[in-house]
Amino acid sequence: MRITDIQRCEVRPGRLVEWTLSPATVERASRLPDDTRPPAYIQESHIRTARSVREDGLFVPTWLGTAFDIPGRVDLDALQDALRTWTLRHETLRSGFRLAGDELRRFTLGTQEVALHREVVGDFTDAADLVQHLQDRFDVVADALRWPNLIYAAVVRDDATSVYLAFDHSNVDAYSLHRIPAELLELYAAALAGRTEEQPAVSSYIDFCELERADADRIDESHEIVGRWREFIGRCDGTLPGFPVDLGVQPGGPLPTQKLMREMLVDADDAAAFEAYCRPCGGSLVGLLAATALIVREIGGQSVYRTVVPFHTRVKSRWSDSLGWYVGGAPIEVPLVPEPDFAGALRSVRAQLQAARPLARMPLARVLTLLGTDFRPTSPDLYSIVSYLDARGLPGAGDWAGQSAYALIRVSYGDQVCVWVNRLHEGLWLASRYPDTDVAHKNMRLYVERLRDVVVGVARG
């Protein structure tokens, strides 16, 4: 799916219908005992960061979402049935957190305790008004510091109905978003036909959180992984790496607003040829990081490219269909003096990733606690990223273009750069959010143009 924001996902006017968890469901949740399964470290870090930023007087929406179309006029009862069935299937959507002193404690509703509340909001004749309403609603409801923190919506028209789902990040990652349209459309077709779809059971992200946290809590500050992060952070002047070009951001200044850049980087033929060239060294991710290393040297004169590479933590097949935030980070350092050619940078990135990938399985929030490093979060992003996902093999990927299917990100505030590159059937799609300054816009525009040049040069060379 193409990653974009709510402003650029083909929103069209129509009758808006919204679903949230029912008041009775929310009331039941307030009386639930604690679930002994703890939050994942990444969830806890996200919620504490949101609280820290809020205490500094800034509301920073960080929700993620999915949008797709259903052909024709929708049957709202069947759609509601599909949405409820899907919500019950993924336990993280029925689970939330509350503070007990300074401790974050989980609660989880049973499947019989969940009902959806449907409301017809009204008819929108202006697309811009509808976009603003959706963004405002998602900002308020899909918020890290409230529960429930999800909302579903449909814009009903005679020719097609557009479905939107928004979640606080603690429930989903990008991979999760890409799986939603096919799963919901299958459930909707079943509900429409009046049949009960026998779906295989899906493993719970909450169970994963418990296992991952138990594993993470077994290490102490003497562990090799902690030592490697300590050395890396030391070489980053005691912090985590940003995007190594000038972004025009004043250190210690107010958190800047961000802009979104999104476009097709190269077509399917160039994407395939680039992948073929990079495959002996690990594929397109390695190639994109190698290209980025060379470009930041060109733009910013860097002698080494340091970054944290996001990796999924779905290391066992049981988690493949599970909705959740399965992401860890691995630190890499690519030497750029003397300046390597692309092939040399490719080999260097491959070696770095092979050495660092095991570090991604240990939650960084746990490592930072053991380091005793006081990274008091002042920004929603701990570091800048370049992320890659080959989405072509996911269910329904061939239908996304016809369904106007998008993965949605909320672009609000931040001083870091996040770059996402998706391999689609049409080619490589790039989206990036970055600080809204003239300097950042100039350098990020230059980065994307040079990235395209490198990919095309490798593909056709």
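Student: At what angle do α9 and α10 pack, and how far apart are their axes?

Tutor: In this predicted model, α9 and α10 pack at an angle of about 120 degrees, with their axes 8 Å apart, where axes are lines fitted to C-alpha atoms, for helices over the stretch in contact, and angles run from 0 to 180 degrees between N-to-C directions. Residues are numbered from 1 along each chain as its sequence is written. Local features need pLDDT of at least 70 and side-chain atom pairs count only at pLDDT 80 or more, while totals for chains, interfaces and linings use all residues, and side-chain values use heavy atoms, with hydrogens and water left out.

Student: Why is α9 called oblique to α10?

Tutor: Angles under 35 degrees count as roughly parallel, over 145 as roughly antiparallel, 65 to 115 as roughly perpendicular and the rest as oblique. The angle here is about 120 degrees, and that makes α9 oblique to α10.

Student: What makes the crossing of α9 and α10 left-handed or right-handed?

Tutor: A crossing is left-handed if the near helix is turned anticlockwise from the far one by less than a right angle, and right-handed if clockwise; α9 passes α10 in a right-handed crossing.

Student: Which residues of α9 and α10 meet?

Tutor: Contact means heavy atoms within 4.5 Å, and on this basis residues including Val 286, Leu 289 and Leu 294 in α9 meet residues of α10, among them Phe 342, Val 349 and Leu 353. By class, the contact has 10 nonpolar, 1 polar and 1 charged residues, given that Ala, Val, Leu, Ile, Met, Phe, Trp, Tyr, Cys and Pro count as nonpolar, Asp, Glu, Lys and Arg as charged, and the others, Gly among them, as polar.

Student: Why is α9 also called oblique to α12?

Tutor: Helix α9 (residues 284-300) and α12 pack at an angle of about 130 degrees, with their axes 10 Å apart, and therefore α9 is oblique to α12. The crossing of these two helices is right-handed. Among the residues that make the contact are Leu 288 and Ile 295 of α9 and Leu 446 and Val 454 of α12, and the contact divides into 9 nonpolar, 2 polar and 2 charged residues.

Student: How many helices and strands does the chain have?

Tutor: The chain has 12 helices and 15 strands, where helices (H or I, at least four residues) and strands (E, at least two) are DSSP runs, numbered from the N terminus.

Student: How do you know that the radius of gyration agrees with that of a compact globule?

Tutor: The radius is taken over C-alpha atoms, and the globule rule is 2.2 Å times the number of residues to the power 0.38. With 461 residues, a compact globule would have a radius of gyration near 23 Å, and the chain has 22 Å, so the two agree.
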